[in-house]
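I opened the notebook to record what I looked up in this model.

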Amino acid sequence: MRKSIWLVSAGLFAIATPAFAQQTDTDKSGAQPTDGATAEAAAVDDKATTNAPQDAGDIIVTATRRNEALSDVPLAVSAVTAEQLENTGASDIKQLQQVSPSLLVSSTQSEAGASTARIRGIGTVGDNPGLESSVALFIDGVYRSRTSVGLTELGQVERVEVLRGPQGTLFGRNASAGLISVITARPKFVFGINGEATVGNYDFRRFELGATGPISETLAFRVDGVMVKRDGLLKDIISGRRVNDRDRWLVRGQLLYKPTEDFSLRLIGDYTKRNEECCAAPYLESQDFVNSGGTVFPAPSTIRQIIQALTLNPNAVQDQPFERKVTISPNRSFRSDVKDWGLSAEAVYDFGGAELTSISAYRYNNYIRGTDVDYGLLDLIYRPDNGDSFNRFKTFSQEARLQGEAFGGKLDWLIGGYYANEKLRSQDSLRFGNDYTRYANCLTALNFASTAANIAAGGLAGAATPLYAQ
C-alpha cells in the first residue's frame, strides 16, 4: 500500500524589500543577490548594496568571504535564495537537497545524532559523534561542528550557499568535501512583519512569524519564531502510537547596532527544542534462502517463526515497508529530545583601506535518545530513554579577519585567524532485553538441529542446505 504526503502552505503577511532575481549560475540553480548580502553574513546596512553599482547579469555571492560576482569566483557554488526556499517548501538543512545539486543529507539510527551531509557523494560515514563532518556547516558565520547539530528549523533566511569540493581555511575550518553556509535574515531599519502557515496530512502544522524594525536611529531588532508539529509516519501496532513524528520549535532574536556607515555590530541569540520519537523502521520482507542441488530458492523465514512463537503474536514481524507499520517492544521507545541554543556577536569595522571582521560565538547542544535496537517486538537489545544515553556539545569559537585591496584594486588580500574550543561528552548504554536469553537459546537449538540434519543427509544427493535468513 502506497501513501503520499501533501502540504498546503500560505503566506499570512509580509512587508519586505524585494530581492533581485537572476536566472543563471554555474550549476543552473538560480542564485540572486539579496538585500544586505555581504561577506560578513549580511551585517551591514542596506545602503551598502543598494547604492553600489550592479551589473544586471551578475550574481553576488560571498564564497570567498567578500562580495563577488558568481562568474568571478573560482569555485563550484550553488546559491539559493529565500524565494527559492519558500517556493520549494525547504525549511531546514535536510530539505536543501531539493534545490542544490550534488547535496545529500541523510539520517541512519537517528536524525538528531546520526545525520550526515554529502556533496558529490562524499561525506563522513558513521554515527560516531567524535567525527567531524567532511561537509562543514556554517549558520551566520558560526561553525556547527556536526551536521545533526544544525539540523533544525532555520526561520527566515537571506540565502544559502553550497560550495562543492575541498575548501581551505577561509571559513576557519578545513572541509574536504564542501561547505554549507546559511545566512539568516538580519534586522532592518524599516518596520516589517512576516508570517506563514503550512498544513498537510498526518496533521502537519508549521507556523512561522517574524518582525523587524528600528528601536532608534542606530539600533534595529528582529525576532523570528517557528513551530512545527506532525504525527508520525509509522504506526506501532502494539501500543497504537505513531512514531517518526515532528515536534520542534525555534526562537531567534537579533540586534543590529550601526552608529556609523563604517561600523556595525550584530548580536544573535537562538533557542531550539525538539521532543520527537525517531527513527523506527519496518523490516524488509523476511525469508530464508536455501541451496538445493546448486539451485537457490526462497523459503519461509525460520527467524520469523521463532519471533512469532516467542511473542505469541502472528503479527510480530512487520515486513511490508509500504504499509508503514512497525512493532516496538513494550516499555521501549525511540526518544529523540534536543536542546540547542547559542549566542554570537559579529562586529565589522571599515578602516577605509581595510575592513576588520570579528565573529565570537558560543553553542550548546544536548541530545538525549532511546532506541529499540532490534526494531521488533522481541525485547532483545535496547538503549534506555531515561537520559543515560546522550551527546552534549559545548563549543566556543572566535574568528577574526582583516581584508582589503591594494594597487588600485589589482590585489585583493585577506588574513585571519580562527580558534575553537569544543567539549564533547558522549555516553551510551546498550542493554540486553527481557527476551534475549530465550531468543539466543532458540537460535542455538536451531543451529544444532540444522547441523545434525546436514550431517545425516551428507551422503544424500540434492540435500537442501540453508544459506541465510533475513
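**Surface patch**

I looked up Leu343 and found it in strand 21 (residues 335-350); strands (E, at least two residues) and helices (H or I, at least four) are DSSP runs numbered from the N terminus. The model is predicted, so I kept to its rules: local features need pLDDT of at least 70, side-chain atom pairs count only at pLDDT 80 or more, and totals for chains, interfaces and linings use all residues. Residues are numbered from 1 along each chain as its sequence is written, and side-chain values use heavy atoms, with hydrogens and water left out.

Leu343 is exposed, at a relative accessible area of 52% (exposed is over 50%, buried under 20%, partly exposed in between; 1.4 Å probe, protein chains only). I then noted that Leu343 belongs to a nonpolar surface patch with Trp341, Tyr362, Phe396 and Tyr419, with about 470 Å² of accessible area together. Patch residues have over 30% relative accessible area and no salt bridge, and nonpolar side chains (Val, Leu, Ile, Met, Phe, Trp, Tyr) are joined within 5 Å, like charges within 9 Å. A salt bridge is a side-chain nitrogen of Lys or Arg within 4 Å of a carboxyl oxygen of Asp or Glu. Areas are Shrake-Rupley values with a 1.4 Å probe, only the protein chains shown counting as cover for residues.

**Cavities**

I searched the whole structure and got 6 cavities of 30 Å³ or more (sets of points on a 1 Å grid over the protein atoms alone where a 1.4 Å probe fits but cannot get out; lining residues have an atom within 4 Å of a point). Volume is the space filled by probe spheres set on the points, which are joined across faces, edges and corners.

The largest cavity holds about 200 Å³. Its lining has 21 residues, with Gly113, Ser115, Asn128, Arg146 and Ser148 nearest the centre. Strand 6 (115-119), strand 22 (354-369) and strand 24 (390-406) each give two or more residues to that lining.

For the second largest cavity I noted about 160 Å³ and 17 lining residues, with Ile139, Arg144, Arg252, Asp270 and Arg363 nearest its centre.

**Backbone**

I checked the peptide bond from Cys278 to Cys279, which is cis with omega near 20°. Cys279 is in the loop between strand 17 and strand 18 (288-292).

Leu312 has a positive phi, near 55°, and is exposed at 76% relative accessibility. Arg324 also has a positive phi, near 55°. I placed Leu312 in the loop between helix 3 (302-311) and strand 20 (325-326), and Arg324 in the loop between helix 3 and strand 20.

Definitions and conventions: 1 Å grid on protein atoms, 1.4 Å probe; cavity = no way out; pocket = protein on both sides within 12 Å on 5 of 7 lines; lining within 4 Å.
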